[in-house]
Structure formats: structure tokens, C-alpha cells
Amino acid sequence: MRYTRDFGSPLPPAWTDLPNRDRYWTEFEERFGFRPGMKPESWPAIAEPTPSVTFDLTNTAGTGGSWRARFDAVNAEALRCFVAEFADDPRFVVLDWQHPGYWFDAAEHCAAEDSEWRVPIYPNGDYYIFLREDFSAGTFGHPWEPTLCVFGERLVNTLGRTLATWLPRKRVNGQPYDRNG
């Protein structure tokens, strides 16, 4: 899967402009208490809901083939879970802080040959948010912490479970994760 870096290029298949971006951002900020910040005292940047699991991406940061493999693995696994869990309606609202928003059709993205990510799930320089339209499930990528929060019962039970096999958990339901209990 390719990652689109040129925001001046045409939208790849599965991606359409989100005409009411501000409405979704306002609701996201109200529901999740979004507060951006690059310093640890401002983290987490949202009030992580229940159920949720937040993964520590610190050990996946970096450059080169190893980082790229982890980046692609997170995006691919999220896409697999999006399609499997939401086959009846595979569309997600995608918010990219300080950039346009999109409708994302996960099934169409899977079906497209040589598909490109306009915005990836893995936070790579900005806050990336994938949401069900009703805000019941999604992901929140924090580029500076760096973490990925998976929320909503269906995604916690699928994406959360599979990512936990190789990514360290940082928080569960907004609370520090205790490996011992």
C-alpha cells in the first residue's frame, strides 16, 4: 500500500472530500475533549473512552525498512478490521488536524489496485482520526506522544486484540496499563 504525500494530487479511490469537516471536528472536540500539545504534560490529547486501548508506538518510531514495515502493518491490520467489522457500512470519517477531512470507504480501499492512504491510521506527523459517523468506534493517532488509541467495543475486540500481540499497551480505558494485573 502506498502512502500519499502530495496533498495536491487527485484523491485516490475510496477517498472523498468531507464537506462538513468543521461539524465533525467540533463534535470530536466536545465528545473527546481534544487538546493538542507537543509536550508530555498535555498528553493524552483526548479523554480516552471506555472501552479503549492505547498503544505505545515509541519503539516503532524511526526510519528505514523496519519503521516502514511497522507503519504498513498497523495500517493493514486496521484496514482488515475495518472491513471485517463494518462490512455493512465500511465508511469512516477521517479527520487530519489542520488539513481537509475525508470520507473513507475501507472496502473500496481494499478493492483498489495499488491503493494509497491519503491519511494513514499510523500517526506520522499529525493527529489522524478515523471515526464511525456516530463516533461509536475509531482510532486516534497522536504523533508526538506517540500513541494509537483504538476505541469502541468492536474495534477494541478486533484491532485492539491483534495489535496487542506485538505493540505495548500504554493505557486501557484511559488508565495506565498495568502488565501485572
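Predicted model: local features only at pLDDT ≥ 70, side-chain atom pairs only at ≥ 80, totals over all residues.
A residue counts as buried when its relative accessible area is under 20%.

View 1. The C-alpha trace spans about 45 × 35 × 35 Å along its principal axes. Of the 181 residues, 48% count as buried. Among contacts with a separation of 6 or more, 68% link residues 24 or more positions apart. The chain exposes about 8,600 Å², and carbon and sulfur atoms supply 49% of that area. It carries 19 positive and 26 negative charges, whose mean positions are 5 Å apart.

**View 2. Nine strands build an open sheet with antiparallel pairing.** The strand order is β2-β5-β4-β7-β8-β9-β3-β10-β11. At the edges stand β2 (15-17) and β11 (175-176). Each has a single partner strand, so one side of each is left without a neighbour in the sheet. Strands of a sheet pair through backbone hydrogen bonds.

**View 3. Strands β3 and β10 run antiparallel.** β3 covers residues 52-56, and β10 covers residues 169-172. The two are joined by 3 bridges. Across this pair, Phe55 stands opposite Arg169 in β10.

**View 4. Strand β7 pairs with β4 and with β8.** β4 (residues 91-96) runs antiparallel to β7, with 4 bridges between them. Here Val93 has Leu131 of β7 as its bridge partner. β8 also pairs with β7 in the antiparallel sense, again over 4 bridges. Within β7 (residues 128-131), Tyr128 and Phe130 point one way. Ile129 and Leu131 point the other way. All four of these residues are buried.

**View 5. β7 and β8 form a hairpin.** The two strands have 6 residues between them. In the turn, Phe135 has a positive phi of about 70 degrees. Back in the strands, Phe130 stands opposite Thr139 in β8.

**View 6. Thr139 is a buried residue of strand β8.** The strand covers residues 138-142. The relative accessible area of Thr139 is 0%, so this residue falls under the 20% cut-off. Which residues does Thr139 touch, not counting those up to four places away in sequence? From β7 come Tyr128, Ile129 and Phe130. Thr139 also touches Phe82, Ile121, Leu148, Cys149, Val150, Phe151 and Leu159.

Terms used. Residues numbered from 1 in each chain as written. Heavy atoms only, no water. Buried < 20%, exposed > 50% of the residue type's maximum accessible area, 1.4 Å probe, protein only. Contact = heavy atoms within 4.5 Å. Areas by Shrake-Rupley, 256 points an atom, 1.4 Å probe, with all protein chains shown as cover. Lys, Arg positive; Asp, Glu negative; His and termini not counted. Charge placed at Lys NZ, Arg CZ, Asp CG, Glu CD. Pairing = 2+ DSSP bridges.
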